[in-house]
Amino acid sequence: EGTLRNYLRAAQPHLVTWSDSYDHLREVTREDVRAVADALKGLDRKRTLVALRSLFGFAKKRGRIFRNPTTGIRPGNPDAPIPTPLRPGQLRRAVAVAVTPAGRVVLALAAIHAGRPNAIAALKLDDVDVPNRRLRVGGITRILDDTTRQVIEAYLAERRERWPHTANPHLLITQRTAHDKRPVSPYWMRTRMRGLGATLNQIRIDRQLEEALAVGPDPLHLAVVFGISESTAVGYAAAARQLLELPSPGA
């Protein structure tokens, strides 16, 4: 019974999120599970994937689903690939394609502030202080630059017009979440990026790599600016050093 409770506790938030877009477990795709896995780290990632594998494995065995979307997704964290920049023109294309106020906010938070998709979805109205030009995303307080301020103000104007009475505290809301207090779903986040030629994670990685190239491959600086782990910051610094063709420390 204790194991069952732990599995349900780990899986429930993602099942509720998927229910915004799907009516049955058989509609959940490998990409949906991968998006959940990519947003988690360490023990949380392992617990969640073990719970989802158990659930979908049971459903497959009982004939409730046709294929198991968790197959091949390992609970342990794989070694992170070396970060690589976007191809020339990809970011310009993304900016040109992001035409809705919500899409522009999502793109700005990823491309300028290196926000993770789950951190962008979790952003609340209280995290945005337009008069004092402050923005808190992913636990890091940043200066609200002109571009991000403009797209957020445009989106807030639309938000007030479409949902003037919503009690949802999150910055980004949808027709569904305007009637409750949930954040937008991973599926909604992905649809904002359709046609942009790059995923949010690719854009976020490009921003962090750009910082490493601009200020030099300094892991401490990257960890402080983006709130990333030491090992991740070292990976970005190593990638920047390769791109700059600099020798490794101690070489």
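Leu244 lies in helix α11 (residues 230-244). Helices here are DSSP runs of H or I with at least four residues, strands are runs of E with at least two, and both are numbered from the N terminus. The model is predicted, so local features need pLDDT of at least 70 and side-chain atom pairs count only at pLDDT 80 or more, whereas totals for chains, interfaces and linings use all residues. Residues are numbered from 1 along each chain as its sequence is written, and side-chain values use heavy atoms, with hydrogens and water left out.

Leu244 has a relative accessibility of 37% and counts as partly exposed. Residues are termed buried under 20% relative accessible area, exposed over 50% and partly exposed in between (1.4 Å probe, protein chains only). Together with Leu213 and Leu243, Leu244 forms a nonpolar patch on the surface. The accessible area of the three is about 230 Å². Such patches join nonpolar side chains (Val, Leu, Ile, Met, Phe, Trp, Tyr) within 5 Å, from residues with over 30% relative accessible area and no salt bridge.

Val225 belongs to helix α10 (residues 219-226). Its relative accessibility of 22% makes Val225 partly exposed. Beyond its neighbours within four places in sequence, Val225 is in contact (heavy atoms within 4.5 Å) with Ile140 and Arg142. Pro85 is 140 residues away from Val225 in sequence and 18 Å away in space, C-alpha to C-alpha.

Helix α2 (residues 30-38) has Asp32, Val33, Val36 and Ala37 as its buried residues. Viewed down the α2 axis, these residues fall within an arc of 140 degrees, so they line one face of the helix. The arc is taken from the directions from the helix axis to the C-beta atoms. The buried residues of α2 pack against α1, α3 and α8 (186-192).

Two aromatic pairs occur in the structure. The rings of Trp18 and Phe56 have centres 6.3 Å apart and planes at 55 degrees, so this pair is tilted. Rings of Phe, Tyr and Trp (its six-membered ring) pair if their centres lie within 6.5 Å; planes under 30 degrees apart are stacked, over 60 edge-to-face and the rest tilted. Trp18 lies in α1 (residues 2-18) and Phe56 in α3 (residues 42-61), so the pair ties together parts 38 residues apart in sequence. Both Trp18 and Phe56 are buried.

Ala114, although not a glycine, has a positive phi of about 55 degrees. Ala114 sits in the loop between α5 (101-111) and α6 (117-122). Its relative accessible area is 9%, and Ala114 is buried.

Technical notes. Patches are made of residues with over 30% relative accessible area and no salt bridge: like charges are joined within 9 Å, nonpolar side chains (Val, Leu, Ile, Met, Phe, Trp, Tyr) within 5 Å. Accessible areas come from the Shrake-Rupley method with a 1.4 Å probe; for residues, only the protein chains shown count as cover. A salt bridge is a side-chain nitrogen of Lys or Arg within 4 Å of a carboxyl oxygen of Asp or Glu.
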